[in-house]
Amino acid sequence: MKPPQLMRVGTKKTLWVNFQEICAMMRRNSDHVFQFMRAELGTEGSIDGNKRLVIRGKFVPKYIESLLRKYIGEYVACQMCRSFNTSLTRDNVSRLFFVSCQDCGSSRSVAQIRAGYHATTKADRRAI
């Protein structure tokens with residue numbers, strides 16, 4: 001797995017240059033990886049015309065790499081044989097995502113992507 005290549009865009013944005021390449025290596029939809037990263041980072045972001053990920057905020061490559069490892073552990077790696085030769089499918093009836101291993105044939109359901117930790121600010125407490 002290649003490490004993520006990050007660049008700064010101005011002072012408040014980070015550009016992930018090889019985002020599409022990493023998604024292709026994992027054989028995952030870039031939208032799914034994008035949703036996971038956005039939820040875990042707790043920030044806004046977008047995919048530009050060159051299929052690069054633009055994230056609001058300053059992030060170091062080591063932190064992005066740790067989130068990528070977390071994604072691989074949960075949504076890519078087979079828990080039975082530890083193979084990365086898996087596919088992620090969505091069941092339309094139950095609306096669950098399933099990781100199916102191409103090597104050993106096992107299948108398991110994975111959790112939906114939820115928003116990560118959100119600190120309660122003073123403004124949030126006043127709104128209640």
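# Briefing: a cavity, aromatic pairs and strand pairing

Val17 lies in the loop between β2 and α1 (19-26), where helices (H or I, at least four residues) and strands (E, at least two) are DSSP runs numbered from the N terminus. Welcome to a predicted model, in which local features need pLDDT of at least 70, side-chain atom pairs count only at pLDDT 80 or more, and totals for chains, interfaces and linings use all residues. Residues are numbered from 1 along each chain as its sequence is written, and side-chain values use heavy atoms, with hydrogens and water left out.

**Around Val17**

- Val17 has 27% relative accessibility and counts as partly exposed; buried means under 20% relative accessible area, exposed over 50%, and partly exposed in between (1.4 Å probe, protein chains only).
- Gln5 is 12 residues from Val17 in sequence, and the two are 5.5 Å apart in space, C-alpha to C-alpha.

**Strand pairing**

- Strand β2 (residues 13-16) pairs with β4 in the antiparallel sense over four bridges; two strands pair if DSSP finds at least two bridges between them.
- Within β4, Val54 is the bridge partner of Leu15.
- Strand β3 (residues 45-47) also runs antiparallel to β4, joined to β4 by three bridges.
- Ile47 stands opposite Leu53 in β4.
- The hairpin of β3 and β4 has five residues between the strands, and Lys51 in this hairpin takes a positive phi near 60 degrees.

**The cavity**

- One cavity of 30 Å³ or more is present in the structure. On a 1 Å grid over the protein atoms alone, a cavity is a set of points where a 1.4 Å probe fits but cannot get out, and lining residues have an atom within 4 Å of a point.
- The volume of the largest cavity is about 30 Å³, taken as the space filled by probe spheres set on the grid points, which are joined across faces, edges and corners.
- Its lining consists of Phe34, Met37, Arg38, Leu41, Thr43, Glu44, Gly45, Leu53 and Ile55.
- The elements giving two or more residues to this lining are α2 (30-41) and β4 (53-56), and α2 provides the largest share, four residues.
- By class, the lining of the largest cavity has five nonpolar, two polar and two charged residues; Ala, Val, Leu, Ile, Met, Phe, Trp, Tyr, Cys and Pro count as nonpolar, Asp, Glu, Lys and Arg as charged, and the others, Gly among them, as polar.

**Aromatic rings**

- The structure holds five aromatic pairs. Rings of Phe, Tyr and Trp (its six-membered ring) pair if their centres lie within 6.5 Å, with planes under 30 degrees apart counted as stacked, over 60 as edge-to-face and the rest as tilted.
- One of them joins Phe36 and Tyr75 edge-to-face, at 5.9 Å centre to centre and 75 degrees between the planes.
- Phe36 lies in helix α2 and Tyr75 in helix α3 (residues 61-75), so this pair ties together parts that are 39 residues apart in sequence.
- Phe36 is buried, at a relative accessible area of 4%, and Tyr75 also counts as buried, at 2% relative accessibility.
- Phe59 and Tyr63 form a stacked pair, because their ring centres are 6.3 Å apart and their planes lie at 15 degrees.
- In that pair, Phe59 is buried at 14% relative accessible area, whereas Tyr63 is partly exposed at 37%.
- Phe36, Tyr71 and Tyr75 make up one aromatic cluster.

**A charge over a ring**

- The charged end of Arg90 sits over the ring of Phe97, 6.0 Å from its centre; this requires NZ of Lys or CZ of Arg within 6 Å of the ring centre and within 35 degrees of the ring normal.

Key. 1 Å grid on protein atoms, 1.4 Å probe; cavity = no way out; pocket = protein on both sides within 12 Å on 5 of 7 lines; lining within 4 Å.
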